[in-house]
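Please look at the structure before reading on.

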Amino acid sequence: MTRQRTVWRLPRAGSLDRLERRDEALPDPGPGEARVRVEAIGLNFADLFAAQGLYSATPRGPFVPGLECAGVVEALGPGSAASGRLAVGDRVIALTRFGAYATALNAGVTYLRPAPAGWSAAQSAAWPVQGLTAWYGLVPLGNVQPGKVVLVQSAAGGVGLLALEILGALGARPVAVVGREEKRRFLVAERGLSPGAVVVRDPRRFGAQLDDALAAVGAPGFDCVLDAVLGPTFRPAFDRLRPEGRYVLFGAADFMTHGARPNYLRLAVEYLRRPRLDPLAMISDNRGLLAFNLIWLWEHADRLPAAYAELERLAPHPPHVGATFAFDRAPEALRLLQSGGTIGKVVLEL
Ligand SMILES: NC(=O)c1ccc[n+]([C@@H]2O[C@H](COP(=O)([O-])OP(=O)(O)OC[C@H]3O[C@@H](n4cnc5c(N)ncnc54)[C@H](OP(=O)(O)O)[C@@H]3O)[C@@H](O)[C@H]2O)c1
């Protein structure tokens with residue numbers, strides 16, 4: 001039976017101010033789908049880029065943002081029960097290619113999995129995108145091994161905290177970079193990092209800051225860098241990669257401005273100033289750059305079960321939810337995430 005739902009929708013990308021709350025009908029789940037009553041929605045930095053029209057995967061025209069949520073299965077579409085994987089009433093987490101800012105949604109059962117036992121809905125919704133991102137960057141791409149030294153940008157953010165947990169499980173040694181002093185204090189007090197291994201980023205002297213951190217951890221350079229900031233801190237970090245080092249790039253938070261719309265002039269300047277690498281130098285220095293977009297994993301869903309299993313093994317604890325907002329306050333929650341001051345995950349709760 002058709003169900004009513006509420007969504008946050010943008011008539012088109014371009015400005016956060018276009019986000020509007022709408023009541024609408026949700027059709028019955030189709031073949032291979034399940035209908036989920038949403039209990040919590042995980043916010044991602046990509047939601048901001050999507051709303052501003054700066055995320056290439058964003059649908060053209062009207063769209064509902066949101067890449068993940070947690071909730072309860074309400075109904076199964078034709079054939080969805082056949083796999084025996086899901087039943088009505090199951091608590092699940094959903095990976096969505098947009099569409100999660102909703103009180104209910106239909107999702108392909110391929111993209112649903114049981115919520116971890118004992119986790120709240122907010123913790124469950126905080127886990128898939130940022131967990132898979134951290135795992136994919138550090139393990140298949142970064143090839144991080146025990147004892148290796150890994151630089152993690154935005155280390156107190158959603159991806160960053162999960163990356164630190166994975167590095168702990170791998171027996172690697174992190175150097176954490178954050179934008180604010182309160183985040184440094186959090187990582188030292190709550191995550192047990194040594195003060196010398198946490199850098200409060202200053203783009204004017206970032207190279208010297210990294211040298212101090214490397215001296216503090218007793219390493220000649222980084223074996224891996226996990227970076228979704230880009231901007232002026234890219235080059236000093238790349239230059240401190242050791243031979244065989246891998247620089248894993250998966251975002252450009254430095255491009256984010258603090259208004260509702262992008263600052264196109266600043267973006268143009270940043271774009272023109274973007275770092276350029278010499279492939280021949282990479283050959284002689286025996287180190288390289290890898291880049292990814294998690295949408296790729298969404299499009300290769302057959303790989304998701306193994307990816308989740310690895311993530312569960314390496315990051316078995318509930319993620320840190322730093323801020324929760326009622327569903328009605330989605331614009332406020334996005335503005336907080338956009339401020340760059342959040343620690344852990346920002347979640348909408350229903
Ligand atoms: N490629 C992919 O598939 C993929 C998937 C997930 C996430 N990502 C990227 O990974 C990064 C982390 O994502 P997340 O959702 O976990 O977010 P987050 O780290 O919780 O929040 C974003 C962080 O970016 C940093 N930042 C740097 N420059 C900024 C600016 N100009 N404005 C605002 N914040 C700025 C801030 O931390 P500090 O100042 O402490 O650094 C901020 O807290 C984002 O860049 C995101 O786009 C990429």
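## The cavity

Glu39, Ala70, Gly71, Arg91, Val92, Ala115, Trp119, Ser120, Ala121 and Ser124 line the largest cavity. A cavity is a set of points, on a 1 Å grid over the protein atoms alone, where a 1.4 Å probe fits but cannot get out; lining residues have an atom within 4 Å of a point. The model is predicted: local features need pLDDT of at least 70 and side-chain atom pairs pLDDT 80 or more, while totals for chains, interfaces and linings use all residues. Residues are numbered from 1 along each chain as its sequence is written, and side-chain values use heavy atoms, without hydrogens and water.

The count is one cavity of 30 Å³ or more, and the largest holds about 40 Å³. Its lining takes at least two residues each from strand E4 (68-76), strand E5 (91-95) and helix H2 (121-125); helices (H or I, at least four residues) and strands (E, at least two) are DSSP runs.

## The ligand site

The ligand has 24 residues around it, of which Ser154, Gly179, Arg201, Phe250 and Leu294 come nearest; a residue counts if one of its heavy atoms lies within 4 Å.

Ligand oxygen atoms lie 2.7 Å from a side-chain N or O atom of Arg201, 2.9 Å from one of Gln130 and 2.9 Å from a polar backbone atom of Gly158. The protein buries 92% of the 890 Å² that the ligand exposes when taken alone, with areas from the Shrake-Rupley method and a 1.4 Å probe. Helix H3 (128-141) and helix H4 (158-170) are the elements that give two or more residues to the shell.

How values were computed
On a 1 Å grid over the protein atoms alone, a cavity is a set of points where a 1.4 Å probe fits but cannot get out, and a pocket is an open set with protein on both sides within 12 Å along at least five of seven lines; lining residues have an atom within 4 Å of a point. Grid points are joined across faces, edges and corners, and a volume is the space filled by probe spheres set on the points. A polar contact is a pair of N or O atoms within 3.5 Å; within protein, one must be able to donate a hydrogen and the other to accept it, and residues adjacent in sequence count only if both atoms are side-chain atoms.
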